[in-house]
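Colleague: I would like to learn how to read the packing in this model. Where do we start?

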Amino acid sequence: MGDGAELESEAMEAEFGTVAGWTEEAVRALGPEHAVPAGTRGSGGEGTLRWLADRLALEAGSRVLDDGAGLGGPAGWLAADRGVRVVCAEPMREAARAARRLFGLPSVAAMAQSLPFADAAFDAGWCLGVLCTTTEKAALLTELRRVLRPGSRLGLLVFVADRPLPPPLPEGNDFPTEDELHGLLEGAGFRLDETADADLGDSPPEWSQRADAVEDEVERRHGDDPRWQEAREQYRRVGRLMSDGALRPLLAVAVAT
């Protein structure tokens with residue numbers, strides 16, 4: 001188990017590290033039915049996860065990598081819904097630990113550009129909302145290609161820039177255009193198979209209610225902490241860019257060639 005590594009801004013450290021630990025605490029206080037809804041916030045809703053899972057050509061027992069797994073919500077959903085063996089890789093120790101504790105999943109603290117897995121170790125993978133959090137996109141995708149067997153499928157949720165982004169921008173993020181994403185995938189050894197715009201509000205009402213309850217509990221406990229306020233500002237900036245039409249959540253499925 002690694003110790004994780006530095007992300008590209010302090011705001012991202014707060015958002016993906018500290019707040020992840022607080023979220024685990026809140027889920028434990030409120031009940032296990034809150035784990036998947038809280039753990040998927042920012043990584044797509046149930047409809048998004050189902051769209052990707054339907055296209056990954058999964059079989060019962062398939063070994064699947066969730067790269068940049070966060071708290072493990074999407075991985076937990078996938079394991080339960082499809083009967084597959086999911087392994088989580090996540091750079092932040094707090095989030096990797098939460099994935100183990102909340103969902104009982106194997107979870108390693110590791111940067112996406114340096115995964116501690118053998119070549120062709122996985123039958124499929126997904127990477128949700130992660131590619132736009134690093135400037136090392138080519139290295140991330142090349143490493144994903146290394147650990148996926150030839151012919152396997154990779155599911156992506158990527159926030160793409162449709163025009164120049166007006167400030168203030170979320171710290172540490174680097175949003176590709178859709179054309180740039182296509183080139184990155186090809187350069188890393190993937191063939192793009194299908195894309196669709198994501199609807200991030202496509203979850204059942206109870207998912208949103210439970211995720212909101214967890215968020216309210218975290219705010220009740222830590223609302224005065226500057227790290228919570230910093231993370232909330234990151235969310236607001238991304239939300240504003242999507243509302244303005246400058247940023248678009250894109251789903252993509254690619255095949256390892």
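**Cores, a strand residue and a helix pair**

Modeller: With the largest nonpolar core, which has 30 residues. Those with the most contacts inside it are Leu 65, Phe 117, Leu 140, Leu 141, Leu 144, Leu 156 and Phe 190. Keep in mind that this is a predicted model.

Colleague: Which elements give two or more residues to this core?

Modeller: The general idea: in soluble globular proteins, nonpolar side chains tend to be buried together. Here the strands on that list are E2 (85-90), E4 (122-128), E5 (148-161) and E7 (247-256). The helices are H6 (137-147) and H7 (178-188). E5 gives the most, with five residues.

Colleague: What does Phe 190 touch, leaving out residues up to four places away in sequence?

Modeller: Its partners include Leu 141, Leu 144 and Arg 145. Leu 148, Leu 154 and Leu 185 are also among them. A second, separate core has 24 residues, including Leu 52, Ala 53, Trp 126 and Trp 207.

Colleague: Now a single residue. Where does Arg 153 lie, and what does its side chain contact?

Modeller: Arg 153 lies in strand E5. Its side chain makes a polar contact with the side chain of Asp 193, at 3.1 Å. A polar atom of the Arg 153 side chain also lies 3.4 Å from the backbone oxygen of Arg 55.

Colleague: How far apart are Arg 153 and Ala 57, in sequence and in space?

Modeller: They are 96 residues apart in sequence, and 7.3 Å apart C-alpha to C-alpha. Arg 153 touches Ala 57, and its other contacts include Leu 56, Asp 123, Gly 125 and Val 253.

Colleague: Next, the helix pair. How do the axes of H6 and H7 cross?

Modeller: They come within 9 Å and cross at roughly 45°. An angle between 35 and 65 degrees counts as oblique, so H6 and H7 are oblique to each other. Their crossing is right-handed.

Colleague: Which residues meet there?

Modeller: First the general idea. An α-helix has 3.6 residues a turn, so residues three or four places apart point the same way. In this pair, H6 brings Lys 137, Ala 138, Leu 141, Thr 142 and Arg 145. H7 brings Leu 184, Leu 185 and Ala 188.

Colleague: Last, helix H4. Which of its residues are buried, and what follows it?

Modeller: H4 covers residues 73-82. Gly 73, Pro 74, Ala 75, Gly 76, Trp 77 and Leu 78 are buried. Gly 83 follows H4, and its phi is positive, near 65°.

Key
Residues numbered from 1 in each chain as written. Predicted model: local features only at pLDDT ≥ 70, side-chain atom pairs only at ≥ 80, totals over all residues. Heavy atoms only, no water. Core = buried A, V, L, I, M, F, W, Y, C linked by side-chain atoms within 4.5 Å. Buried < 20%, exposed > 50% of the residue type's maximum accessible area, 1.4 Å probe, protein only. Helix = DSSP H or I, 4+ residues; strand = E, 2+ residues; numbered from the N terminus. Contact = heavy atoms within 4.5 Å. Polar contact = N/O pair within 3.5 Å; in protein donor to acceptor, adjacent residues only side chain to side chain. Axes fitted to C-alpha atoms, helices over the stretch in contact; angles between N-to-C directions. Parallel < 35°, antiparallel > 145°, perpendicular 65-115°, else oblique. Left-handed = near helix turned anticlockwise from the far one by under 90°.
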